[in-house]
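User: I have a structure open and would like to go through it with you. Could you take my questions as they come?

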Amino acid sequence: MHPQLSDKRIVCREFIQALDACHTSNWKRLTGGCNQEKTALNSCLRKEGVERSNRNRVKAKERRLKTEQAWRELHEDD
């Protein structure tokens, strides 16, 4: 199972449900009949991962700027 699926906020819910529905048929699952659903789920999860990375990068830059500003203010007193 994808690590993203264990998050409390589940993204790509409709793709997950489609893949689960497809996997109820063992024949489809074993013969590649669910590949389209799996590809769609992977694409959705990849997109969510990129968006999350971008959000985290922006937050990290903001935190870094605050830290640098605090250090500058600390050293101004010297």
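The conversation below goes through the fold, the core and the salt bridges.

User: What sort of model is this, and what is its mean pLDDT?

Analyst: This is a predicted model. The mean pLDDT of the protein is 88, and 87% of its residues reach 70 or more.

User: Where is confidence lowest, and where is it highest?

Analyst: Helix 2 has the lowest confidence, with a mean of 88, and helix 3 has the highest, at 94.

User: How many helices and strands are there?

Analyst: There are 3 helices and 0 strands. Along the sequence, the pattern reads α-α-α.

User: How much of the protein is buried?

Analyst: Of its 78 residues, 17% count as buried. The accessible surface comes to about 6600 Å², and carbon and sulfur atoms contribute 52% of that area.

User: Which residues make up the largest nonpolar core?

Analyst: That core has 9 residues in all: Val11, Cys12, Ile16, Leu19, Cys22, Cys34, Leu41, Cys44 and Leu45.

User: Staying with the core, what is Cys44 in contact with, leaving aside its neighbours within four places in sequence?

Analyst: With those neighbours set aside, Cys44 is in contact with Cys12 and Phe15. Cys12 is, like Cys44, a member of the largest nonpolar core.

User: Which residues of helix 1 are buried?

Analyst: Ile16, Leu19 and Cys22 are the buried residues in helix 1. Viewed down the helix axis, they fall within an arc of 130°, so they line one face of helix 1.

User: What covers them?

Analyst: The cover over the buried residues of helix 1 includes helix 2, residues 26-31, and helix 3.

User: Which residue does Arg55 form a salt bridge with?

Analyst: Its partner is Glu48, and the closest N and O atoms of the pair are 3.6 Å apart.

User: Which residues are linked in a network of salt bridges?

Analyst: Arg64, Glu68 and Arg72 are linked in this way. Glu68 meets Arg64 at 3.2 Å, N to O. Glu68 also meets Arg72, at 3.7 Å, N to O.

User: How are those pairs spaced in helix 3?

Analyst: Glu68 and Arg64 are 4 residues apart in helix 3, which means that about one helical turn separates them. Arg72 and Glu68 are likewise 4 residues apart in helix 3, so about one helical turn lies between them.

How values were computed
Residues are numbered from 1 along each chain as its sequence is written. This is a predicted model: local features need pLDDT of at least 70, side-chain atom pairs count only at pLDDT 80 or more; totals for chains, interfaces and linings use all residues. Side-chain values use heavy atoms; hydrogens and water are left out. A nonpolar core is a set of buried Ala, Val, Leu, Ile, Met, Phe, Trp, Tyr and Cys residues joined through side-chain atoms within 4.5 Å. Buried means under 20% relative accessible area, exposed over 50%, partly exposed in between (1.4 Å probe, protein chains only). Contact means heavy atoms within 4.5 Å. Helices (H or I, at least four residues) and strands (E, at least two) are DSSP runs, numbered from the N terminus. The arc is that of the directions from the helix axis to the C-beta atoms. pLDDT is the predictor's confidence in each residue, from 0 to 100. A salt bridge is a side-chain nitrogen of Lys or Arg within 4 Å of a carboxyl oxygen of Asp or Glu. Accessible areas come from the Shrake-Rupley method with a 1.4 Å probe; for residues, only the protein chains shown count as cover.
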